[in-house]
Amino acid sequence: MKQSRSCFLLLLVLQCFGVPKVKASLDALRHSDCHSSSVSMETQILENYLTDQYTVTVIESSSEIPIVSPYCLSNPVPLNAFTLHRFQLFVHQSFEQNTREVDYRTNECFVGSGHIEELLTELLPYLSQYNPRAKTLLITQEMDDEQLAELFHTAWYKYRLLQIIVLNHHGNDTIESCVFNPFRKELSPMLKPLPTYRSDLHCQLLTDVDELESYNRDLNRFIDDRVYNLNGYPLNIAMHVSNGSTSAYDCILGTVSFSDIDQEILSIMQKIMNFSMILHKNELELSIGYIHQNGTPVGTLGLIENNLIDLAANSRIIHNYDTKNLLYLHYISTEKLVFITPSNFFHNRDKTLVFINPFSVAYMLTNVLLSFGVPMLIFLLEYVAYRLDVPRDPHPDTFGAKVLNLVGIIYNVSVKLPRAVRKRWIIVGLLVYNIVSYPIWQGVTIRYLHPSNQQVNNINSLEELIETELELKVSHYHEHIVRHEGPHIQSPVYRALSSRLSTKNTSSLRDSIEQIIIHRNSALLLADVYVPLVLAGNYKWIPGKPDGIWPIQKPIYEFYKSMAVPKTSPFVGTFNVIVLHCVEVGMNDRFMHQLETVVQLMKIRRTKEHSTEYNYIVFNMEHLMPLFIFYFAMLLLSSVIFLVELIVKRIELARSRQVIQVVELHVPFDFVL
């Protein structure tokens, strides 16, 4: 019954954690004497050590040193039982079948037994490969001081297994319990680890159950304090040291300077944990840490993957590749990349938007049709009446002439119109068009001309950026991020932009901005948090160019900034606590406020130097010239026609005086002055 229950629990655990099934059957759990002195002490040590663990895996590597204590726990936990060979097979198969990124669990405990040779060569390598962060209790017999020191030295410096307790049995009633804190050891002048001796271990002989209460307290305190004070232990840290991400902006900021949040948190860690620093100065792009599409970690991430560093202070990654050995702390902030482009790139788009758009063209065509179509309609009506021989008024004025005369009076024409009907059509049509079109054009101008010239004549979307012939540039710092971006490449817009990105001549931010402002032939991908800083700069090194760049507000790429440690690192929990504390007390907000303060100061300075700058369109003849030219041309045309009509009328009047004839004039309307 006990055997079936244990097998069921093991299968349940394996199924829950998604590990591959091993064809070998598990060993039967044996009943043993749990009341002997040594077994009782071993059991209580194990219980104290397992207070926060959920599962225990028993690995029996030697029949000479049986494992009894896990089966005697007063509060049973799920037990997995393996022989050493079956555990090795289990580790191999789990890594073959698990291709996704694995996060090492911290709620596991392994209990193993064996002699020094078995532990060093057959058990520790597999424990390190499967879960180096798990707690490990090793049971052995009559191991001498030299072997104990060798065991701990190999476990830490080769396999990065720190959470190990060795219970070394001496006879039936004495247990020697040993733990190791490598951060208390002395170092060589070259900061290399020295050999480990018995004096470097923390060991205690237990001969009676009554000694366990004080022992458990000491053990818990030892484990809790082990990584909180490193006593000058040299941590290998990868970081690009140049004021973090802000180094490139020193030329713009002038005397204003501030540090990056990664460096500030690193200094807090160093002060609290008391460690010395071995700094790996990577190239700027390698300090990001990125992964090739074949899954190979490069730069900082390569160092993390191979356990060559303890902390990547400004490591960056945006992919979920099969790394299996990376752990990222709580995210500090999100970094978004946006393009900065030449300002007013579409130099005359404001005029185009006003005078060539569907709305204004439709109104113009409508007015033209009305102005010239109505007289033509009247002409057709009279022509039809003439062809059908419809009775007409005996007076010489036609119906069309009366209508045109009436329209002229309505539109406030204060002189008498010529009597020639067709000439009236032309003049009245032009007058109607000019009078009606002016307020409509005015409305179209207000409706379509945006109040901010920045919004009208600048590139405001990624789609517009693609349509230009600008050279799209990205710094080496961000190139590897955008080159290997996964989900975004599915979008045609991002795919097109990514294929055009170039890192040519981007080593200097100053030079890149100069290219944008002076030559107006490129656009640069930049972190959005620094865009206000760049916009606030007045570019004194570029004469006469106070405003030269314009940002596209939509970010094209987005990734997280994080402080990374290897999953094998014992500092994971402590680093998490410190980083989270820094974020909670407003470290990130303080950094952002520093940026905002610098931006506001530079804006104040810029306003003093360029007090007449406007961020909106001032309506002047430059913008409204096409309208006025057309308006005055039509007025000039109508005036010329009217003057010609007056001249013709005078000539006709002079000729009529030469003929002595009484003619009765009919005036259809009298003007009232």
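Visitor: Where does Glu 335 lie?
Guide: Glu 335 sits in strand S15, which covers residues 333-342. Keep in mind that this is a predicted model.

Visitor: Is Glu 335 buried or exposed?
Guide: Buried. Its relative accessible area is 5%, and the cut-off for buried is under 20%.

Visitor: Which side chain makes a polar contact with the side chain of Glu 335?
Guide: That of His 478. The two side chains are joined by a polar contact of 3.3 Å.

Visitor: And what else does Glu 335 touch, leaving out residues up to four places away in sequence?
Guide: Besides His 478, Glu 335 touches Ala 527, Tyr 557, Glu 558, Phe 559 and Lys 561.

Visitor: New topic. How do the axes of H8 and H21 cross?
Guide: At roughly 125°, and the axes come within 10 Å. H8 is residues 261-273 and H21 is residues 572-584. The crossing is right-handed.

Visitor: Which residues meet there?
Guide: H8 brings Ile 265, Ile 268, Met 269, Ile 272 and Met 273. From H21 come Thr 574, Phe 575, Ile 578, Val 579 and Cys 582.

Visitor: What is the mean pLDDT of the protein chain?
Guide: The mean is 76, with 69% of residues at 70 or more. Over residues 244-251 the pLDDT is below 50, yet that stretch has 18 contacts in the model beyond near neighbours in sequence. Residues 665-673 are also below 50, with 13 such contacts.

Technical notes:
Residues numbered from 1 in each chain as written. Predicted model: local features only at pLDDT ≥ 70, side-chain atom pairs only at ≥ 80, totals over all residues. Heavy atoms only, no water. Helix = DSSP H or I, 4+ residues; strand = E, 2+ residues; numbered from the N terminus. Buried < 20%, exposed > 50% of the residue type's maximum accessible area, 1.4 Å probe, protein only. Polar contact = N/O pair within 3.5 Å; in protein donor to acceptor, adjacent residues only side chain to side chain. Contact = heavy atoms within 4.5 Å. pLDDT = per-residue confidence, 0-100. Axes fitted to C-alpha atoms, helices over the stretch in contact; angles between N-to-C directions. Left-handed = near helix turned anticlockwise from the far one by under 90°.
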